[in-house]
Amino acid sequence: MIIKIRLREILAERGISQRQFALSMKMRLATINHLCSDNVDRVYIRTLEQICEALQIDISELIVSQQEE
């Protein structure tokens, strides 16, 4: 099973750049870029909470599991 963070897709759907989102969240752009990459190996729960609050989404919309191909 692969656990995926859908931040890149959600931002694209809403027309928000990673830079804009980082600035609005007062987070480092590198943090947002990392969370939008396919190579996320760890993340703070509080960061996920803040992202969900800012985007007004449930955690289940942000994190999904996929079967390995």
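This is a predicted model: local features need pLDDT of at least 70, side-chain atom pairs count only at pLDDT 80 or more; totals for chains, interfaces and linings use all residues.

Me: Let us begin with a helix. Which residues of helix H2 are buried?

Reply: A residue is called buried when its relative accessible area is under 20%, and exposed when that area is over 50%. In H2, which spans residues 18-25, the buried residues are Phe21, Ala22 and Met25. Viewed along the axis of H2, these buried residues lie within an arc of 100°, so they line one face of the helix. Arg19, Leu23 and Ser24 are exposed on the other side of H2.

Me: What do the buried residues of H2 pack against?

Reply: They pack against three helices: H1 (7-14), H3 (29-36) and H4 (45-55).

Me: Which residues of H1 are buried, and which exposed residues does the face turned away from them carry?

Reply: Leu7, Ile10 and Leu11 are the buried residues of H1. The arc they cover around the axis is only 95°, which puts them on the same side of H1. The face turned away from that buried side carries Ala12 and Glu13, which are exposed. As for packing, the buried residues of H1 meet strand S1 (2-5), H2, H3, H4 and helix H5 (59-62).

Me: Which residues are in contact with leucine 62, leaving aside neighbours within four places in sequence?

Reply: With those neighbours set aside, leucine 62 touches Lys4, Ile5, Arg6, Leu7, Ile10, Leu48, Ile51, Cys52 and Ile57.

Me: Threonine 47 also interests me. Is it buried or exposed?

Reply: Threonine 47, a residue of helix H4, is buried, with a relative accessible area of 12%. Not counting residues up to four places away in sequence, threonine 47 touches Met27 and Leu35.

Me: Let us turn to charged side chains. How many salt bridges are there?

Reply: A salt bridge is counted when a side-chain nitrogen of Lys or Arg is within 4 Å of a carboxyl oxygen of Asp or Glu. By this rule there are six salt bridges. One of them joins lysine 4 to glutamate 9, with the closest N and O atoms 2.8 Å apart. Lysine 4 is partly exposed, at a relative accessible area of 23%, and glutamate 9 is partly exposed at 24%.

Me: Which residue forms a salt bridge with arginine 8, and what does the pair tie together?

Reply: Arginine 8 forms a salt bridge with aspartate 38, and their closest N and O atoms are 2.8 Å apart. Arginine 8 belongs to helix H1 and aspartate 38 to the loop between H3 and H4, so the pair ties together parts that are 30 residues apart in sequence. Arginine 8 is partly exposed, at 35% relative accessibility, whereas aspartate 38 is exposed, at 61%.

Me: What other salt bridges may I look for?

Reply: Arginine 42 and aspartate 41 meet in a salt bridge at 4.0 Å, N to O, and both residues are exposed.

Me: Finally, how should I read the backbone angle phi, and where is lysine 26 found?

Reply: Lysine 26 has a positive phi, near 55°, and is not a glycine. Lysine 26 follows H2 and is found in the loop between H2 and H3. Its relative accessible area is 80%, and lysine 26 is therefore exposed.

Me: Which loop holds glutamine 56, and what is its phi?

Reply: Glutamine 56 lies in the loop between H4 and H5. Its phi is positive, about 55°, although glutamine 56 is not a glycine. At 72% relative accessibility, glutamine 56 counts as exposed.

How values were computed. Residues are numbered from 1 along each chain as its sequence is written. Side-chain values use heavy atoms; hydrogens and water are left out. Buried means under 20% relative accessible area, exposed over 50%, partly exposed in between (1.4 Å probe, protein chains only). Helices (H or I, at least four residues) and strands (E, at least two) are DSSP runs, numbered from the N terminus. The arc is that of the directions from the helix axis to the C-beta atoms. Contact means heavy atoms within 4.5 Å.
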